[in-house]
Amino acid sequence: MYVLNLRLINIRNHTNSFYELSNETLFTGENGSGKTTILESLYILFGLKSFKKQPLSSAVTFDKDFFRIESEIKDGSLISDVVCLFNNKRTTMINGEDIDNIVDYVYNHPIACYTPDILGILSKEQQDRRNFIDRFIFYYDKEHIYDIKHYNRLLSQKQAEFDKEASDFIYLDVLNEKIVYLSEKISNKRVKIIDEINENLKELYKSLDFSMENVFINYSSNILNTSLFNKEKFIKKSLYGIHRDKIEMCLDNKIIEKFSSTGQKKTFILLCLYSFIKIIEENRKISIITLLDDFEAALDKKRAEFIKNIFSNSRQVLYTGVDNTRLNFENVINIK
Ligand SMILES: Nc1ncnc2c1ncn2[C@@H]1O[C@H](COP(=O)(O)OP(=O)(O)OP(=O)(O)O)[C@@H](O)[C@H]1O
Ligand SMILES: [Mg+2]
């Protein structure tokens, strides 16, 4: 998939902007000029939510009551118009027709993105790391999202039963049976993708010839420990299952967040992202549009060049940066 152009109406500081995009486009401009907003718009158009942890309504330009993002996309030889309009309720249209199945739409318009905020997944909640990984699993296995939703529903039902004064243990056993089944299914998919990512990371770090070695994602789960169900009955809280999976990003058996520099963390996240993209692209025989916000910041020239080369190699990439004094880009657009 390839984005030919992008028009932004009333989204943050863009009241009416239009950009023709190339295979490799760098947006430059002063702080606050609206570079990240361009990437955010494309993410909203395809992912149907922002990469910022904010409701869509906060992206509407102050004093306006809607935003509109329009784009022409090329998929093989097919060119379609995609419009995302937010007017208290989001509407998304392709060639004038409303989309009715959101899951299919997001699956059919995969998009990957790095923003400086993503570095937070190294330090914040386990839930953020699980979500990061689940999103990529979804991109090559649509069913995964339905399994996660089903699992979360079961957890809520279980908690509601625990919250009753006299819990029905037979009913809890029925729920647990389904929870075990789904936990195994979801966990197997997480293990599989993390194993593949770890293989890729090993190769990438070798070719970069960095001094750090043995970088990997560590995954642990409690799903073999069904004795937790007995403990749950006393503390009346779900202890068993994939909502307690632990995912740690490690360097030589130490957690990256604690011992790595900013550039090392950024390198790690970018190479993880690249590995996810490669796995999905190879599985689905597609190319994934990739957004790299504030790309060069904190990276030395050798890393920036290496990482830019692998990303730009066979997919459309949109970069942003305050200036572009070190690397060459096919298309540079300066935002005023
Ligand atoms: N709802 C809104 N309405 C109008 N303006 C907004 C709204 N939300 C944010 N802004 C402004 O829009 C601009 C968007 O900033 P954006 O983050 O896209 O800039 P940037 O070019 O990426 O900056 P930096 O180089 O600092 O990363 C900022 O000036 C911000 O103050
Ligand atoms: Mg920015």
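Tutor: A salt bridge is counted where a side-chain nitrogen of Lys or Arg is within 4 Å of a carboxyl oxygen of Asp or Glu. By that criterion the structure holds 22 salt bridges. The model is predicted, with pLDDT of at least 70 needed for local features and 80 or more for side-chain atom pairs, while totals for chains, interfaces and linings use all residues. Residues are numbered from 1 along each chain as its sequence is written, chains are lettered from A and ligands numbered from 1 in the order written, and side-chain values use heavy atoms, leaving out hydrogens and water.

The part to examine is the contact between two domains. An automatic or database assignment sets the domain bounds, dividing the protein chain into domain 1 (1-110 + 286-336) and domain 2 (125-278). Taken over C-alpha atoms, the centres of domain 1 and domain 2 lie 29 Å apart. Their contact (heavy atoms within 4.5 Å) takes 27 residues from domain 1 and 26 residues from domain 2. About 2200 Å² is buried between them, with carbon and sulfur atoms giving 67%; buried area is the accessible area (1.4 Å probe) that two parts lose on being put together, summed over both. Of the area that domain 1 buries against domain 2, Y107, R303 and F306 supply 28%, more than any other three residues. Two salt bridges are counted between domain 1 and domain 2. Separately, the side chains of D104 and K142 form a salt bridge, at 2.8 Å from N to O.

Helices are DSSP runs (H or I, at least four residues), numbered from the N terminus. Axes are lines fitted to C-alpha atoms over the stretch in contact, and angles between N-to-C directions run from 0 to 180 degrees. Helix α3 (residues 126-140) packs on helix α4 (residues 143-162) at about 135°, with axes 7 Å apart. The two helices are therefore oblique to each other; angles under 35 degrees count as roughly parallel, over 145 as roughly antiparallel, 65 to 115 as roughly perpendicular and the rest as oblique. In this contact D134, I137 and F138 of α3 meet H144, I145 and I148 of α4. Against helix α5 (residues 169-208), α3 packs at about 90°, with axes 10 Å apart, which makes α3 roughly perpendicular to α5. Residues of α3 in that contact include D134 and I137, both of which also take part in the contact with α4.
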